Amino acid sequence: METYFVLRMVIAAGALVLPAVLLLWVALDPAVAMRGSLSAFYYSPARSVFVGILVAIGVALVAYRGYTRGENALLNAAGVLSIVVALVPTSGTSLPGPTVAGAVHAVAAVGFFALAALSIFFYGQETLSSLSDRHVRRRYRVTYRILAVLVVAFPAAAVVVAWAVGPSVALFAGEAAALYAFAGFWLVKTYELARSQVHRRIV
């Protein structure tokens with residue numbers, strides 16, 4: 001359906017555009033310094049971009065109807081967490097220590113990537129039975145599982161690096177890479193659905 005195609009494109013485009021726009025803003029605007037994470041741009045003139053794109057992704061995930069009840073529940077929860085990440089700021093560098101808002105933000109961010117990965121790993125293959133070629137089905141299945149692992153592996157590795165070497169752009173890079181893996185799933189899924197011509201089930 002056209003509506004679900006648009007929603008998939010909003011999710012994929014948002015995940016692809018967010019890191020790129022922030023980096024471009026840093027390159028073009030001397031008033032915006034590079035931050036160590038995507039979330040740290042909340043405390044910059046680029047706040048509206050950060051908040052707007054994450055909210056758009058969240059709304060699209062909630063509006064998107066999964067092919068099973070389980071997938072739908074995971075996408076809804078991930079969408080809500082994306083909105084929480086956007087609206088509840090991470091702890092600012094000017095604050096003396098951890099804050100409640102910062103803790104909520106961190107839990108929401110971890111939860112978003114975890115739920116996104118779970119939805120891909122367990123439900124990405126739900127429509128593959130409509131493809132007649134089993135080798136093609138296997139390639140899609142492997143691709144989805146790799147992308148699911150990358151969605152959590154990139155930010156996890158970045159956190160470890162940041163913890164080991166101190167403040168750096170490692171977390172930004174890991175979050176950006178995870179978003180690109182997430183976007184990659186939605187783009188590949190859109191292509192797969194176009195090939196399989198799956199009729200959407202109401203869940």
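These legends describe close-up views of a predicted model.

**View 1. Ser44 in its loop.** Ser44 sits in a loop. Ser44 is buried, because its relative accessible area of 11% falls under 20%.

**View 2. The side chain of Ser44 and what surrounds it.** A polar atom of the Ser44 side chain lies 2.7 Å from the backbone oxygen of Phe41. Ser44 also touches residues beyond its neighbours within four places in sequence: Val32 and Arg35 are in contact with Ser44.

**View 3. Leu179 in helix H6.** Leu179 belongs to helix H6, which covers residues 170–196. The relative accessibility of Leu179 is 4%. Leu179 therefore counts as buried, a label for values under 20%.

**View 4. Contacts of Leu179.** Neighbours within four places in sequence are left aside here.

**View 5. Leu179 and Ser129.** The two residues are 50 residues apart in sequence. From C-alpha to C-alpha, Leu179 and Ser129 are 27 Å apart in space.

**View 6. Confidence across the protein.** The average pLDDT of the protein is 90. A score of at least 70 is reached by 92% of the residues. Among the elements, H2 has the highest mean pLDDT, 97. Helix H5 (residues 134–165) has the lowest, 91. Where pLDDT is low, predicted coordinates should not be read in detail.

Methods
Residues numbered from 1 in each chain as written. Predicted model: local features only at pLDDT ≥ 70, side-chain atom pairs only at ≥ 80, totals over all residues. Heavy atoms only, no water. Helix = DSSP H or I, 4+ residues; strand = E, 2+ residues; numbered from the N terminus. Buried < 20%, exposed > 50% of the residue type's maximum accessible area, 1.4 Å probe, protein only. Polar contact = N/O pair within 3.5 Å; in protein donor to acceptor, adjacent residues only side chain to side chain. Contact = heavy atoms within 4.5 Å. pLDDT = per-residue confidence, 0-100.
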